[in-house]
Amino acid sequence: MVDKSAVGLEGPAFEMTVERGKVREFARATMSERPEYLDDPAPPITPTFLTTSTFWQPPDAAGVFRKVGMDLKRLLHGEQEYEFFGPPPRAGDVLTAHSRVESIFEKDGKRGGTMTFVVTITDFTDPGGKLVARARSTAIETGRAPDAS
Amino acid sequence: MPAETEATISLDEGTELPPRPFGPLTRTNFVRYQGASGDFNPIHHDEHFAQSAGFPTVFSVGMLQAGLLATYCTDLFGPDNVRRFKVQFREQVWPDDTLTASGTVVRRHAEDGEERVDLELVVTRQTGGTAIKGQATFAV
């Protein structure tokens, strides 16, 4: 059950170093063969790479968002967005990630009963404090497991 | 860095980008993506967990389809040129599905001192169903 009072909840800011091997692994897992990702010693990140920030989250960060109370068996990913305020970060860059719950709202679903939407924003800043990327994630908790399509 | 954009792609509004197939996708593709991304939701690799949640079997990570669509875009427009990438998840993607990424240039404009294109994107399953929709902006 989602706890609506979780709006505004912030995770602890944490550091994330963009690593060449991780960019290469991620590019290959998403079937890219661009030499910029595979051969450049300081490759740019792929458009959805910042999802790997989860590896850098301190252990207590998950605890903060567990307070939102989403049920894994009824959890769907609704939307995901990445904005880049200039060329994307590159391997070697050290970013600071800071997440917050932006909004929580409900809608009646066609197949899954009442759906609860949880929108989370993560800002990524460079060492100078400049915002270089922003991730916006919309998670949906369905009323029951949706029918297989 | 405009020089990186593939010269063969027309940037006129209304241009349909060449479709590209991915797959058939395997459970190994799902697991490889989960390892790379750090999303270890068991519903994408644990048969018992997926069935206990009411699904016939495991299904793909939505972010894998998103990553494939991103690959489609960066192959066409260049890795350094992404400015925005957004997806909405629709139908689930199952083992053995073959996906097709396609897109349309919907707008060309100047912003922050550079030329950009807005793209409308879609990933369809072999059934014709929509797996994800997307919108992206690239510098050109």
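In the predicted model, A:Glu15 has A:Thr96 of E3(A) as its bridge partner. Strand E1 (14-17) of chain A and strand E3 (residues 94-108) of chain A pair in the antiparallel sense, over four bridges; two strands pair if DSSP finds at least two bridges between them. Helices (H or I, at least four residues) and strands (E, at least two) are DSSP runs, numbered from the N terminus. Residues are numbered from 1 along each chain as its sequence is written, and chains are lettered from A and ligands numbered from 1 in the order in which they are written. Local features of this predicted model need pLDDT of at least 70 and side-chain atom pairs count only at pLDDT 80 or more, whereas totals for chains, interfaces and linings use all residues.

Both strands belong to an open sheet of ten strands, ordered E1(A)-E3(A)-E4(A)-E5(A)-E2(A)-E2(B)-E5(B)-E4(B)-E3(B)-E1(B), with antiparallel pairing. E1(A) and strand E1 (16-22) of chain B stand at the edges, and each has a single partner strand, so one side of each lacks a neighbour in the sheet.

E2(A) and strand E2 (residues 82-89) of chain B run antiparallel and are joined by five bridges. Here A:Glu83 has B:Arg84 of E2(B) as its bridge partner.

The contact between the chains takes 33 residues from chain A and 35 residues from chain B, where two residues are in contact if their C-beta atoms, placed from the backbone, lie within 7 Å. On the side of chain A that touches chain B, helix H1 (20-29), helix H2 (35-38) and strand E2 (75-84) of chain A each give two or more residues. E2(A) gives the most, with nine residues.
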